[in-house]
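The structure comes first, and the notes follow by topic.

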Amino acid sequence: MKQTSFLKNKMNKVLFFLLLCHHLLLQPEALSAATLPAIYVFGDSTVDVGNNNYLPDDAPKANFPPYGIDYWGQNSTGRFCNGFLVVDFIAMTMGLAASPPPFLSLSKAKRTPRRGVNFASAGSGILPTTGNDVIAMSTQIRDFEGVAADLALGTRTNNKKRVSASLNESLFFFSVGSNDLFAFAATLIPGNDTRMDEIVTPIIDEFKNQLKMLYGMGARKFAVAGTGLLGCIPAIRVLDPSYECNADLNYLSMHFKNATEALLEDLCISLHGFKYSFADAYEMSIRIDADLQEYGDHIYISELALVHGAMGRMLRIGEAKRRGPVLTQHHIL
Ligand SMILES: *[C@@H]1O[C@H](CO)[C@@H](O)[C@H](O)[C@H]1NC(C)=O
Ligand SMILES: *[C@@H]1O[C@H](CO)[C@@H](O)[C@H](O)[C@H]1NC(C)=O
Ligand SMILES: *[C@@H]1O[C@H](CO)[C@@H](O)[C@H](O)[C@H]1NC(C)=O
Ligand SMILES: *[C@@H]1O[C@H](CO)[C@@H](O)[C@H](O)[C@H]1NC(C)=O
C-alpha cells in the first residue's frame, strides 16, 4: 500500500532520531516481532491512544474532530494528535497493524493482548498530584501489574518461563514529565537554579522508583522520551503577546530531560540487565527548527496546529506548524 510505504519512510527517520544510547538501539531492524514480542506504553497525552475516552467528563478528551483528521479513516480515537503518535510508528515498524490498545478498552477477560497494552492517560504525570481525574503513573503501573499477573496465569503451568522471557524482551515505553513541569511552572524563579532543582529532584526520584518497580516485575528494555521545548508549544506561546516561546519553561525542560537521561544511565549501571534508549525530543526540535531544509522533507508536520483547552476554544494557528513537536506528528495542545 502506498500509504504504508510512505509511513515506513517516515518511520526510518523518526527512529533515526531515537538514536539511542549504546544500550538499546531502536532501529527498524531491531523492532521485529522476534526481538520485541510486545510493547507496554506509559505516560501522558503524547502517547494516550484512547484511555481517557473511558474517564469521566472532566478528564482531557480528544475523541472528536479535528483530532484524528489524518488518522486511518479520519477517526478521532482519543489521540491528542491529527494523526499518528510515535507509539503507532513503533508498532507499525514491529509489523503490528495498530499500536497496542488502551487498557481501559479491554474487558477483564481480555486484558492480555499478545502484543502489548497502552496505559497512558492525557494530563497525567509522574507525581500523583499532577493532573486531576486522570490515570496517574502509579495507577498505570498497578494496571500493568494486573496484566502481568493475568499473563502469568494464562500460561500453562510448566511454561512459566515463557512469561518472564517475554516480559524481559518486551519494550516499556515512557513519555511523561511535561505535565509535572507545567504544574510547577508558576513557581519557577527565573535564573534560580536552586529553585529549579527543588522542582526537578522529587519528580526524578519518583520516576526512579517507578522504573525500579517495573524492573522488579521483569521489565528490562526501556525506551524513554525526554521532555521537549515545552515553552514553545502553542498553548504556552499564546500567553505571550508576541507569541514568543517561554524561555524559563524551556530551561526547566532542558534540566529535566538531562536529569532523566542521567537517571537512565544510573539505572543501567546499578540494575543488572537494564537496557534503555533515550529520545531527546528537546534536541530534535532544536535541530529540526534550525534546518528545516534538511529535515522538512522527512518529517510529517501537519498544516493544522490548534490551541485547545487554555483558550476554551479551538484556534487555528498556521504559523505554529514550524514549531510542532516532531517526535509525534502534530501534537495538538
Ligand atoms: C474509531 O476509533 C474508535 C476508538 O478506537 C473505535 O472504537 C472505532 O471502531 C473506530 N471507528 C472506525 C470507523 O474505525
Ligand atoms: C529473558 O529471560 C530469558 C529466560 O530467563 C533469558 O533466556 C533471556 O536471555 C532474557 N532476555 C533478556 C533480554 O534479558
Ligand atoms: C533561589 O531559590 C531558593 C530555593 O527556593 C531560595 O531559597 C532562594 O532565596 C532563591 N534565591 C533568589 C535570589 O531568589
Ligand atoms: C543539559 O545537557 C546539555 C548537553 O549535555 C548541556 O549543554 C546543558 O547545559 C545542560 N543543561 C542543564 C540545564 O542541565
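Helix H6 (residues 193-216) and helix H8 (residues 247-270) pack at an angle of about 35 degrees, and their axes are 10 Å apart. Axes are lines fitted to C-alpha atoms, for helices over the stretch in contact, and angles run from 0 to 180 degrees between N-to-C directions. This is a predicted model, in which local features need pLDDT of at least 70 and side-chain atom pairs count only at pLDDT 80 or more, while totals for chains, interfaces and linings use all residues. Residues are numbered from 1 along each chain as its sequence is written, and chains are lettered from A and ligands numbered from 1 in the order in which they are written.

**H6 and H8**
- The crossing of H6 and H8 is right-handed (the near helix is turned clockwise from the far one by less than a right angle).
- From H6, Met196, Ile199, Val200, Ile204, Phe207, Lys208 and Leu211 meet Leu252, His255, Phe256, Ala259, Thr260, Leu263 and Leu267 of H8; contact requires C-beta atoms, placed from the backbone, within 7 Å.
- By class, this contact has eleven nonpolar, two polar and one charged residues (Ala, Val, Leu, Ile, Met, Phe, Trp, Tyr, Cys and Pro count as nonpolar, Asp, Glu, Lys and Arg as charged, and the others, Gly among them, as polar).

**Chain and core**
- The chain has ten helices and seven strands, taken as DSSP runs (helices H or I, at least four residues; strands E, at least two) and numbered from the N terminus.
- Of its 333 residues, 43% count as buried, meaning that 20 or more other C-beta atoms lie within 10 Å of the residue's own; exposed is 12 or fewer, and partly exposed is in between.
- The largest nonpolar core has 70 residues, of which Ile39, Val41 and Val87 touch the most other members; such a core is a set of buried Ala, Val, Leu, Ile, Met, Phe, Trp, Tyr and Cys residues joined through C-beta atoms within 7 Å.
- Leaving aside residues up to four places away in sequence, Val87 touches Val41, Val47, Val49, Ser99, Asn118 and Phe173.

**H2 and the loop before it**
- Eight of the eight residues of H2 are buried, so H2 is largely enclosed by the rest of the structure.
- Gly95, with a positive phi near 85 degrees, follows H2.
- Asp70 lies in the loop between strand S1 (39-43) and helix H2 (86-93).
- Asp70 is partly exposed, because 17 other C-beta atoms lie within 10 Å.

**Ligand 1**
- Gly50, Gly73, Asn75 and Thr77 are the residues around ligand 1 (C-beta atom, placed from the backbone, within 6 Å).
- This shell divides into no nonpolar, four polar and no charged residues.

Methods:
Two residues are in contact if their C-beta atoms, placed from the backbone, lie within 7 Å.
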